[in-house]
Amino acid sequence: MRKASPAALRAVLNPFVLFVASVAWGQNQQPERQNSTPGVDMSGHDMSGPSAAKPTPDQSMKDMPGMDSESSAHAMHSMEGHHMDMGPHMKMTALRDPKPGDEERAHKVVEAARRLAEKYHDYHTALNDGFQIFLPNVPQKMYHFTNYRYAFEARETFNPDHPTSLLYEKHGDGYTLVGVMYTAPKRFNEDNLDQRIPLSVAQWHEHVNLCMAPDDRKQEALGPNPKFGFRGSISTQSECAANGGTFRPLIFNWMVHLYPLEKTEADVWDVSRGHDNDHAD
């Protein structure tokens, strides 16, 4: 496989750099912390966008302030055709009826993830292998250790041994691996995603219809009833424009989480775990 150049990596990382820095701001509701933001996470974001120079984390904070780290809806509900909907800012793939071979294909992905969990049980090993932690100094429920080259690779191919991110929870001064995240380009339709991981087992998601707050209304992305950001009530371009915001119909590419150390299939592929009140992945 052709090795991605640093310039190419910078080009595909730019949309995500903008987002993740803002997530950290919203997560802590403390804009004064933005100047100390270390690191960048690749959490499965747009790998097919136009080239652009990668901004620094500090610049990213200023470009997209006030984005909240929670998804817009905190409780999932079943939709017709087994479709899981998490609100106007989250698009989920529909659960399909099982096909012959689906269970075996999904099991192979889980097996690969379990090998990764064993290999990267010690987070230092992940760091030594090129994974970079996003915002280690900012309290989070789940920390992403991201491999930029694997994220770039996922743009064209799927390798279960090369996840975009390893998911860790922090305990004391150390980290405990709990999951992995795979990504796919936003150009993919559900049939494409099904070829990577069967949609009868896994549900991919992407983040849509975001209205970013204007500079003079940043605080309206916070609080119990925000208008802007991931939990915001604004979800259409017309309403966003009327409120002076910046509308982004799609800011990420596709991503899926799995938790290989869990005992049941439902817990391994739990779509709510990464999208509850404290997570926005």
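The questions and answers below walk through a predicted model of a single chain.

Visitor: Which element gives the most residues to the largest nonpolar core?
Guide: The largest nonpolar core has 33 residues, and those with the most contacts inside it are Phe-145, Leu-166, Tyr-168, Tyr-182, Trp-204 and Trp-269. At least two residues of this core come from each of α3 (102–119), α4 (123–128), β5 (143–146), β6 (165–171), β7 (174–184) and β10 (254–258). The element that gives the most, with six residues, is α3.

Visitor: How many residues are in the second, separate core?
Guide: Tyr-168 belongs to the largest core, and, leaving aside neighbours within four places in sequence, the residues in contact with Tyr-168 include Tyr-120, Phe-145, Leu-177 and Val-178. Val-178 is itself counted in the second, separate core, which also includes Leu-167, Met-181 and Met-255. The number of residues in that second core is 11.

Visitor: Is the disulfide between Cys-211 and Cys-240 right-handed or left-handed?
Guide: A search of the whole structure finds one disulfide, and this bond joins Cys-211 to Cys-240 with an S to S distance of 2.1 Å. The pair links distant parts of the chain, since Cys-211 is in strand β8 (residues 205–212) and Cys-240 is in helix α7 (residues 237–242), 29 residues apart. The torsion about the S-S bond is about 85 degrees, so the disulfide is right-handed.

Visitor: Are Cys-211 and Cys-240 buried or exposed?
Guide: A residue counts as buried when its relative accessible area is under 20%. Cys-211 has a relative accessible area of 0%, and Cys-240 likewise has a relative accessibility of 0%. Therefore Cys-211 and Cys-240 are both buried.

Visitor: Which residue has a side chain joined to that of Thr-183 by a polar contact of 2.7 Å?
Guide: Thr-183 lies in strand β7 and is buried, with a relative accessible area of 1%. Thr-183 and Asn-253 are 70 residues apart in sequence, while their C-alpha atoms are 7.2 Å apart in space. The polar contact of 2.7 Å, however, joins the side chain of Thr-183 to that of Thr-164.

Visitor: Where does the largest share of the lining of the second largest pocket come from?
Guide: The second largest pocket holds about 160 Å³ of space, and the residues that line this pocket include Glu-103, His-107, Arg-114, Lys-263 and Trp-269. The largest share, five residues, comes from α3.

Visitor: What is the value of phi of Asn-209, a residue other than glycine?
Guide: Most residues other than glycine have a negative phi. Asn-209 is found in strand β8 and is partly exposed, with a relative accessible area of 26%. The phi of Asn-209 is a positive value, near 55 degrees.

Key: Residues are numbered from 1 along each chain as its sequence is written. This is a predicted model: local features need pLDDT of at least 70, side-chain atom pairs count only at pLDDT 80 or more; totals for chains, interfaces and linings use all residues. Side-chain values use heavy atoms; hydrogens and water are left out. A nonpolar core is a set of buried Ala, Val, Leu, Ile, Met, Phe, Trp, Tyr and Cys residues joined through side-chain atoms within 4.5 Å. Buried means under 20% relative accessible area, exposed over 50%, partly exposed in between (1.4 Å probe, protein chains only). Helices (H or I, at least four residues) and strands (E, at least two) are DSSP runs, numbered from the N terminus. Contact means heavy atoms within 4.5 Å. A disulfide is a pair of cysteine sulfur atoms within 2.5 Å. A polar contact is a pair of N or O atoms within 3.5 Å; within protein, one must be able to donate a hydrogen and the other to accept it, and residues adjacent in sequence count only if both atoms are side-chain atoms. On a 1 Å grid over the protein atoms alone, a cavity is a set of points where a 1.4 Å probe fits but cannot get out, and a pocket is an open set with protein on both sides within 12 Å along at least five of seven lines; lining residues have an atom within 4 Å of a point. Grid points are joined across faces, edges and corners, and a volume is the space filled by probe spheres set on the points.
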